[in-house]
Amino acid sequence: MADYSEKYEVHATAAGNVKSFADGTPPFENTNNMKDDVKVEVEEEEEELDLYAPLVMDPGIPHEPNPLTIRAVVTGCVLGGLVNASNLYLGLKTGFTFSASMFGAIFGYGIIKMMSKAGKVPIIGGTFGPQENSIVQAAATGAGGIAGIFVAGIPAMYQLGVMGPESTVARNPKEDIGAIFTITIVCSFLGLFFVTPLRKFFIIQVARELKLMFPTPTATALTIKAMHAGAAGSAEAMKKLKGLGIAFGGAFIHRVVSYYAIGILYDWHVFTWIHIWSGYTSWALNIESWGWYFEWTPAFIGSGILIGLNPAISMFIGSLLAWGLIGPLLVHYGECIGLQVAEGDPKWDSYYSFTSLAKLGERTPSPRYWLLWPGVMVMVCCSMAELIIQYKVIGIGFKALFLQACQGINNMLVKRGKTNAFFAKYGAPRARDQKLVVDSARKEDQVQTWWWTLGLLVTVVMGMLIFQFQWQMHPGLTVLAVVLAFLFAFLAIQIGAVTDNTPLTAASKASQLVFGAATSGAHYSVRHAQKLNLVAGGLASGGADVATSLTGDFRTGFLLGTPPAKQWAAQAIGTFVSIWLAPGLFVLFTSAYPCIYDGNFAGKCAFALPSVAAWEAVARAVTDPTVKIPLTSGIFAIVMGAVSVIQVIFRHYYLVGHREKYREWLPNWGAIALSWVIPAPVFANAALLGAIIAALWRKYSMRSWDIYGYAVAAGLIAGEGLGGVVGAILTLAGVDGSVYGTQVACPLDEC
């Protein structure tokens, strides 16, 4: 049983800890995906372990009468807060956010295991079991969430100049902190409340029929189970914790120290070095201009460890195509232009920028703008194709949801001594219901109906009022946004439960497109239409994101036997913490780095803001008639979108049976498209290094990989993210690397 848990963890967390591309894009399609591996493993071991029923726990584990403890919630919120801070830094920098699930489970185990040795000390001491561990993980997931809108939609509002009243030209996030808090509250609690009644539907009623495996939440449950499996499990858990702690501390220290010698410890601009050493040769600096340097970023090396070779190689190939072939050809033939960075300086006169998004519609675009559209198109096409290809699953899901609703209404009528032929017909118990897994949670442990109904009603009404008075959105449009958020969440949960890739790109981009159509004939100003577009996209994506996280936590709790009401309360508390934490961190970062919100910022920005650019571009395209998509870019986007859809069809319908083994050789179009949106190949380089390290590690020491691999990756990611927060504080204090450090070995003497 223990061996199988380890095997399953390897497959299930292969991409699961990488939460999403910050605009909602599942970062990796992972075509040699754990979905298929898990299916094979489960079929081999199904007689031993039924992953659609609660796990059989170690009999030596003491009974946990109340796993919802103060120490568990506080620990989870602190750990989730670290991930939240990390996600804001990494999302602004690279477009990625990461799940707090495994990080909270492992780190939480170590912290509370140490507390439990305090014996009978109130609050701190006492036994520690797997259910309390899942409470830590749930609180961490809640506190680590909702960073996505702060690295995409909200900065895009500032970049477009649509934040605040129509007469306002430029705003500072400090001035809008109230409005930022309120939109965060609506997005967070909307997803939390509307998905709560779907727990039994997704986790109990249709999980086996629809093969909803929930790979990452299941892997988290199995990891928690293994860590609490007696002395052997405890020893292995401490090894995981040690690996995570060392990686976290090392990445944090490296990131903070590197600010003071960034060209030596962090960014290796090899072609700049050649340019200087060779007496200022233009060819080397030309390559440098396209972003070809190496960055020792622990976060992306860690993400490469998680994702595996196929997505990492695909991502690198995408960068090679974009910034080594397509971009240079576009400039060579005059389709795009680059801007000279240091005009008049003979030392750097061959250094150009090819990533400007300024003055769109007024001059020839940059390669970044040209490549943005094929990238967005492929992302949307991949996500939508995966949704449509599952039409049978979606149909079964909606049918089951309809029958569940009828059954609930019929039961309510029967209790009141009334009958209705329609609801009696479709709400009557069916033979299939007898085969369902029985919910292990007692009635008194279920989330009370009035909790989520009252919460949902208050949130929707509050959202209608807030969006009307703060964002000038008609209540009808707010209701439309809420409905879209629910529909996309329903679809995203089903697809994510099967593939471990949550297609939130479909939520955000499709919502933007719907609202572009809804506002096109309403005589809104371009500025107002763009504001509505971004608010609606944020609501749909943010609500769906929180909903999928809570459903995943319900799955973890179901396997471990954690009372759903306790887990729901833990995640609700964590979500409440994130509502105040994420906006505060956003203000911290924007205060230290004005380029995040100032669309006219002229200096060098520490963040690439890839998700901001994608949201901004879509909002402009559907609202502003003066902003055009280059014809050649549009044609290329359509062709590449069609190719990605054809591959999805080919993979699902042809590479089946004995041909499934060839799936791992297919390119990962989600990763390729990501490289077209990120305006530099530097992150693909680091991710490829991480994937190579992981491949060699698995080949030569699978046992140590099982213990340390994903723990080390999670530590690297969170450690650098927290180091980025400290960097922002150092900048605000005026003691950062630009003041007391050196920029030696950097192009233009600035990294």
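How many of the nine residues of helix 27 (residues 669-677) are buried? Nine of the nine are, so helix 27 is largely enclosed by the rest of the structure.

The legends below describe a predicted model, in which local features need pLDDT of at least 70, side-chain atom pairs count only at pLDDT 80 or more, and totals for chains, interfaces and linings use all residues. Residues are numbered from 1 along each chain as its sequence is written, and side-chain values use heavy atoms, with hydrogens and water left out.

View 1. The buried residues of helix 27 are Trp669, Gly670, Ala671, Ile672, Ala673, Leu674, Ser675, Trp676 and Val677. Buried means under 20% relative accessible area, exposed means over 50%, and partly exposed lies in between (1.4 Å probe, protein chains only). Helices (H or I, at least four residues) are DSSP runs numbered from the N terminus, as are strands (E, at least two). Asn668 caps the N-terminal end of helix 27, with a side-chain oxygen 3.1 Å from the backbone nitrogen of Gly670. A polar contact is a pair of N or O atoms within 3.5 Å; within protein, one must be able to donate a hydrogen and the other to accept it, and residues adjacent in sequence count only if both atoms are side-chain atoms.

**View 2. Helix 24 and its kink.** Helix 24 (residues 564-592) has 29 residues, which at 1.5 Å a residue should span 42 Å; the end C-alpha atoms are 41 Å apart, which agrees. The expected span is 1.5 Å times one less than the number of residues. A kink of about 25° is centred on Ser578; the bend at a residue is the angle between axes fitted to the seven residues ending there and the seven starting there. Helix 24 is mostly covered, with 21 of its 29 residues buried.

**View 3. A nonpolar surface patch.** Leu309, Ile313, Ile317, Leu321, Leu325, Leu329, Tyr333, Ile692, Leu696 and Tyr700 together have about 960 Å² of accessible area. Accessible areas come from the Shrake-Rupley method with a 1.4 Å probe, and for residues only the protein chains shown count as cover. Patches are made of residues with over 30% relative accessible area and no salt bridge; like charges are joined within 9 Å and nonpolar side chains (Val, Leu, Ile, Met, Phe, Trp, Tyr) within 5 Å. Helix 16 (309-332) and helix 28 (682-700) each supply at least two residues, and the largest share, six residues, comes from helix 16. Leu325 is found in helix 16 and is partly exposed, with a relative accessible area of 43%.

**View 4. Salt bridges.** A salt bridge is a side-chain nitrogen of Lys or Arg within 4 Å of a carboxyl oxygen of Asp or Glu; by this rule the count comes to seven. In one of them, Arg703 pairs with Glu236, the closest N and O atoms being 3.4 Å apart. Arg703 lies in helix 29 (residues 702-733) and Glu236 in helix 11 (residues 230-258), so the pair ties together parts that are 467 residues apart in sequence. Arg703 is partly exposed at 45% relative accessible area, whereas Glu236 is buried at 15%. Arg620 and Glu616 also form a salt bridge, with closest N and O atoms 3.4 Å apart. Being four residues apart in helix 25 (residues 610-623), Arg620 and Glu616 are separated by about one helical turn. Lys93, Glu295 and Glu720 are linked in a network of salt bridges.
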